[in-house]
Amino acid sequence: MFTLSRNNQANESLSKFKLLSAYGGAGSILHTQYGSIIVSCIEEWGFLNKINQLHKDAINRKEENVFESVRKHAIASNEGGIALSNDNRFISLLKNKKKLENLKYLVLIPDLEINEKSNTVDYGIGNLTIASTYMPKNFSDSNYTIKPYSSWYKEWVENSLGDKFATQFFPVKKEIISKKGTSFFQPLKQDNVVLICSNGHISDFPWSKYLNWKSSNPHYDQKGLDLFNFDDCCSEPELTIRLANSNASGFDGKWLRCENNGCRGSKGTSLKGLFSIKVLCPGHKPWEASVSDNDNFPYSGSKNSRRNESPRENCKAVKPMKAALTTGNNLYFSRIMSSIYLPSELFKSQIEMRIEDLVKKKNEAMRNDDFDLAKDLNKNILELKGVQPPVVDNVSEAEQDLNYKYEEFSAFHFKTEDEINIDISNLKVKDTTRNLDGLLEEYFAKILRIDNMKMSSTQLDFSRVEPFDPDQEMKVQDIFRSRPEDIISYPGIENYGEGIFFALNQTLLEKYEIEFNSYIGDWISQLPSPRDHYSRKIIEKARSENWLLYLIHTLSHLIMRELEFRSGYPTASLQERLYVSNNDSYKMSGFLIYTVEGSEGSMGGLIAQTTPDNLNNLIKSALTRATICQSDPLCWTSEGQGLFNLNYAACFSCGLVSETSCEERNLYLDRKLLVDQEFGFFKNILNFE
C-alpha cells in the first residue's frame with residue numbers, strides 16, 4: 001500500500017510482494033493509474049516511522065524489555081497491526097552486510113486497505129502508508145507544451161478560479177477558460193523519458209538544456225556530454241514536442257522547439273538519435289526527497305516533491321548516463337536477500353543458554369529487591385561471558401554468507417527432529433531418511449520433510465542499467481538516506497512454504513573421489529580459464545568447488561524436473577538452496593528444494609513425495625531420466641556449453657530449469673558425474689541393460 005500524498009485522490013494499493021521484489025522497492029519506478037511514480041526511501045515509509053516512534057517512547061518510559069514493548073504496541077489494531085520479525089539470525093546478517101550497527105527491528109510491511117468509496121485508508125492509519133512522487137516530473141498538454149510539474153502547479157494556483165491551495169489539481173490537469181467564461185479541466189500527459197546511470201542515479205530529461213545544446217554546438221567527447229551544466233535555451237522556455245512531417249516513427253519522428261521568438265531554439269531540432277546520447281551524471285537521487293505533507297495545506301503536497309531539482313551526490317561512474325523509457329527493463333535491479341527461519345536456540349551454546357537463564361533470575365531478584373542475590377548472579381554472568389570465545393571482526397562478506405548457509409545445513413543435518421521442532425508454527429520437519437530402500441540409503445545421510453517453513457526477505461540495495469556485479473566498477477544505492485548507524489528499523493516480508501532437504505553421505509563422496517581420482521583430475525583439467533573480469537569470479541567458483549558442486553547442483557536440478565511430473569508444481573514455482581563447500585571449517589554436501597506461496601504455505605505437493613514409495617521412485621526416476629537426452633549424443637559428449645562453457649552434459653532438454661528456480665544461473669551442471677556407466681556416482685543403482 002502506498003500513497004502519493006495525503007490527498008485522498010492519490011492513494012493506490014500495491015502488493016507488498018511487488019514492493020520488495022527484483023523490480024520493485026525504494027527508488028523504483030512503478031506505473032499506477034495516476035502515472036509513473038518513484039517510491040521514496042524508507043525514511044518516508046509511514047509504518048517504519050511509527051516503529052521508530054514507539055521505540056523512542058519505550059526508551060523514554062524506561063521499559064525493561066524495549067523490543068517486547070514495541071512489539072505489543074505495534075501489533076495493536078489501533079496502531080495498524082504492524083508485525084515484527086522474530087528471525088534474529090536474519091537480522092544479524094542484515095546488520096553485518098549493511099553496517100547497520102543499531103538495527104533493532106525487521107518490520108513486516110502491513111496490509112492496509114483502501115476504502116473504495118472515499119479512496120482513503122481506513123481506521124485513521126493513513127500515516128502508515130508509503131510515500132512516492134512523480135517520476136518523470138515533466139508533463140505536456142494537448143497543445144504539446146511540455147513543462148515541469150512545478151510549473152504546471154504554479155500556473156494552476158495563480159490562474160485557477162478559487163483554488164489557491166490546489167485541492168483539485170490532482171490528478172495533474174490544466175484549467176481551460178472558454179470565451180464564454182466557463183471552465184473545464186484538461187488532463188496532462190506525463191513524459192516517459194529519463195536518464196539513468198550505472199551508479200543508480202536517475203534524472204528527468206532536461207529538454208530545454210538539450211535544445212540549447214542541439215541548437216549551438218551538438219558535439220561532445222567520449223566521456224559524455226555535460227548537459228546539466230548547459231543553460232536553458234532561453235530565460236522562460238516554452239517548449240513543445242510535436243510529430244514532425246516525416247515518415248519516421250517513435251522519437252525519430254518528433255520535433256522539439258521553443259515557441260519564444262528570439263530564442264536560439266525557436267527553429268527546433270529533431271529528436272532523432274535521442275537514445276544514443278551519453279550524458280555526464282549529475283548524481284540525482286529523487287527517491288531521497290523529503291515528501292512529508294504540509295499540515296497547513298494538506299492537498300498541496302510537498303515542495304520538495306514538486307521541485308525538479310532532487311537531492312544529489314557526486315557521481316564517479318565510469319560510464320555516462322543513457323536515455324531510457326520509463327517502461328524499460330533496465331531501470332531498476334533490486335538485490336534481495338532471503339533467509340530460512342531457524343530458532344535461535346539451535347545455535348546457542350550451553351554457556352549462552354546459562355547466561356540467559358541467569359539474566360532472567362537476576363531481573364527477578366531486582367524486582368523483588370533482593371539486591372544481594374542480584375549482585376551474586378551478575379558476578380556469575382560476567383564470569384561466564386569471559387569464558388565465551390571472542391567475536392571475530394572483519395569477516396569477509398563471502399565468509400559471512402558461507403557461515404550463514406552452514407548454520408542451516410548443520411541444523412537440518414545434525415540436529416534431531418525434536419531439537420528442530422521447537423517453534424512449529426514457523427518451522428516443522430519430519431525425518432524421512434528411513435523411507436529410503438536398500439539401494440539408496442547408503443547415498444544419503446539425511447532426508448528431511450519440511451512441512452512448514454518461514455522465509456524472510458528484504459532488500460539490500462539496488463542498481464540501474466545492469467544488475468550489480470562486485471567485479472565491476474559500479475555502485476549500488478541504499479534504500480535509506482540516513483547514516484547506517486541511525487537506522488533502527490528496516491522493511492521486510494515473510495511467507496510460508498514447504499520443502500525437502502537432502503544431505504549426501506560425506507564418507508561415500510570422499511571414497512568416490514579417491515576411487516575415481518584419475519577421472520576427476522581429468523574432469524577438473526577441462527574447466528575453462530577466465531577470459532575477462534566478467535567470467536573470473538564465476539569460473540573461480542567452478543574451480544574451487546569443482547566436481548562436488550557439479551554433482552550436487554545437477555542432482556538438485558534433476559529432482560526439480562522430476563517433481564514437475566510428480567507434485568504438480570512447474571519448476572518455475574520451485575526453488576533450490578545449495579549447501580556445497582570443500583572448506584574444512586564448513587564442509588557441506590546437500591541441497592534444499594522448496595516452494596513458497598504466500599502466508600498460507602503451499603498445497604502439500606512436495607511433502608507428499610517423501611512417503612517410502614514416492615521418495616524412492618522420485619530419486620530413481622530422476623536419475624534414470626538423466627541417462628537420456630533428446631540432444632544426445634551432442635549433449636552427452638559436450639566439451640562445454642552454456643555461459644562461459646561451464647556446463648557439460650546438461651542442456652535445456654535434460655538438466656536446466658527455470659532461471660528463477662536456480663541459485664547459480666543454470667551453471668555448473670553435468671549429468672555424467674551422476675549417471676555415467678563407468679564413473680557415475682549413482683551408477684550402481686541404475687539398470688543399464
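Author: Helices (H or I, at least four residues) and strands (E, at least two) are DSSP runs, numbered from the N terminus. The model is predicted, so local features need pLDDT of at least 70 and side-chain atom pairs count only at pLDDT 80 or more, while totals for chains, interfaces and linings use all residues. Residues are numbered from 1 along each chain as its sequence is written, and side-chain values use heavy atoms, with hydrogens and water left out.

Reader: What is the relative accessible area of V194, and is the residue buried or exposed?

Author: V194 belongs to strand 14, residues 193-196. Buried means under 20% relative accessible area, exposed over 50%, and partly exposed in between (1.4 Å probe, protein chains only). V194 is therefore buried, with a relative accessible area of 0%.

Reader: How far apart in space are V194 and P136, C-alpha to C-alpha?

Author: Contact means heavy atoms within 4.5 Å. Neighbours within four places in sequence aside, V194 is in contact with residues including M135, P136, I202 and L331. V194 and P136 are 58 residues apart in sequence, and their C-alpha to C-alpha separation in space is 6.7 Å.

Reader: What is the omega of the peptide bond from M135 to P136?

Author: P136 sits in the loop between strand 8 (130-134) and strand 9. The peptide bond from M135 to P136 is cis, with omega near 0 degrees.

Reader: Which peptide bond is cis with omega near -10 degrees?

Author: The proline concerned, P171, is placed in the loop between helix 5 (149-159) and strand 11. The cis bond with omega near -10 degrees runs from F170 to P171.

Reader: How many salt bridges does the structure hold?

Author: Side chains of opposite charge can pair when their charged atoms come close. A salt bridge is a side-chain nitrogen of Lys or Arg within 4 Å of a carboxyl oxygen of Asp or Glu. The number of salt bridges in the structure is 29.

Reader: How many residues apart in sequence are the parts that E407 and R89 tie together?

Author: E407 forms a salt bridge with R89, and the closest N and O atoms are 3.2 Å apart. Because E407 lies in helix 10 (residues 397-414) and R89 in helix 4 (residues 88-98), the pair ties together parts whose separation in sequence is 318 residues.

Reader: Which residues are linked with R89 in a network of salt bridges?

Author: R89 counts as buried, at 9% relative accessibility. The network of salt bridges links R89 with E407, E408 and R577.

Reader: Are K174 and D141 buried or exposed?

Author: The side chains of K174 and D141 meet in a salt bridge, at 2.9 Å from N to O. K174 lies in strand 11 (residues 173-177) and D141 in the loop between strand 9 (138-140) and strand 10 (145-148), so the pair ties together parts 33 residues apart in sequence. K174 and D141 are both buried.

Reader: What is the relative accessible area of K62?

Author: K62 is found in the loop between helix 2 (46-60) and helix 3 (66-75). Phi of K62 is near 55 degrees, a positive value in a residue other than glycine. K62 is exposed, with a relative accessible area of 73%.

Reader: What is the relative accessibility of N666?

Author: N666 has its place in the loop between helix 15 (612-625) and helix 16 (672-675). Phi of N666 is near 60 degrees, a positive value in a residue other than glycine. N666 counts as buried, its relative accessibility being 3%.
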